[in-house]
Amino acid sequence: MDYDFKYAVETFKKTVQTQYWDVDGRMSRKDFWHYVSIALMISFGLAIIEAIIPALSIVGFVVSLALLAPGIGVGIRRVHDIGQPWFMALIPFYNIYLACQPGDRGPNAYGSDPLSGLSTAEVFE
């Protein structure tokens with residue numbers, strides 16, 4: 001799978017702008033890891049800036065707080081994609097294992113398949 005930075009940024013923006021508090025439904029592995037990659041890039045970038053200019057540490061704190069709600073929502077929607085209840089996203093290390101698992105094919109108790117309507121090539125790209 002090639003990393004598509006533009007797609008990752010779009011996924012991140014969509015999640016933050018339209019699904020900020022959303023914990024309902026499902027999120028595919030691809031969208032989950034693209035969101036996480038951009039959130040990590042932002043966090044690392046802010047950490048570097050704070051190391052250089054300590055007075056800006058409040059900026060990192062505010063951004064971290066701003067990304068907390070969508071981060072929780074992303075984790076919950078990801079475990080929903082594999083048919084697990086929301087609290088599984090809170091179990092350290094096990095939640096990373098769950099995030100790496102393929103989602104349920106077809107609808108499950110948490111909603112329709114986020115990959116429905118995609119060709120097999122698109123699913124595995």
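## An exposed phenylalanine

Phe93 is exposed, with a relative accessible area of 70% (exposed means over 50%, buried under 20%, and partly exposed in between, with a 1.4 Å probe and protein chains only). This residue sits in the loop between α3 (57-81) and α4 (94-100). Phe93 has a positive phi of about 65 degrees, although it is not a glycine. Most residues other than glycine have a negative phi.

The model is predicted: local features need pLDDT of at least 70, side-chain atom pairs count only at pLDDT 80 or more, and totals for chains, interfaces and linings use all residues. Residues are numbered from 1 along each chain as its sequence is written, and side-chain values use heavy atoms, with hydrogens and water left out.

## Overall build

The protein has five helices and zero strands (DSSP runs numbered from the N terminus: helices are H or I, at least four residues, and strands are E, at least two). Read from the N terminus, the order of elements is α-α-α-α-α. Along the principal axes, the C-alpha atoms fill a box of roughly 50 × 30 × 25 Å.

Of the 125 residues in the protein, 30% are buried. The accessible surface comes to about 7900 Å², and 68% of it belongs to carbon and sulfur atoms (Shrake-Rupley method, 1.4 Å probe; for residues, only the protein chains shown count as cover). Among contacts between residues at least 6 apart in sequence, 66% join residues at least 24 apart (a contact means heavy atoms within 4.5 Å).

## Nonpolar cores

In soluble globular proteins, nonpolar side chains tend to be buried together. Which residues make up the largest nonpolar core here? The 11 residues are Ala8, Phe12, Met27, Phe32, Tyr35, Val36, Ile38, Ala39, Leu67, Val74 and Ala99 (a nonpolar core is a set of buried Ala, Val, Leu, Ile, Met, Phe, Trp, Tyr and Cys residues joined through side-chain atoms within 4.5 Å). Helices α1, α2 and α3 are the elements that give two or more residues to this core. The most comes from α2, with five residues.

Val74, one of the core residues, touches Thr15, Met27, Phe32 and Tyr35, not counting residues up to four places away in sequence. Apart from this core lies another, of six residues, among them Ile76, Val79, Ala89 and Leu98.

## Salt bridges

How many salt bridges does the structure hold? There are three (a salt bridge is a side-chain nitrogen of Lys or Arg within 4 Å of a carboxyl oxygen of Asp or Glu). One of them joins Glu10 and Lys13, with the closest N and O atoms 3.5 Å apart. Both residues lie in helix α1 (residues 5-18), three residues apart, or about one turn of the helix. Glu10 is partly exposed at 41% relative accessible area, and Lys13 is partly exposed at 36%.

Asp81 and Arg26 meet through their side chains in a salt bridge of 2.8 Å, N to O. Asp81 lies in helix α3 and Arg26 in the loop between α1 and α2, so the pair ties together parts that are 55 residues apart in sequence. Arg78 also forms a salt bridge with Asp81, at 2.5 Å between the closest N and O atoms. Arg78 and Asp81 both lie in helix α3, three residues apart. Salt bridges that share partners join Arg26, Arg78 and Asp81 into one network.

Asn108 lies in the loop between α4 and α5 (120-123). This residue is buried, with a relative accessible area of 18%.

## A nonpolar surface patch

Helices α2 (29-52) and α3 each supply at least two residues of the patch. The largest share, seven residues, comes from α3.
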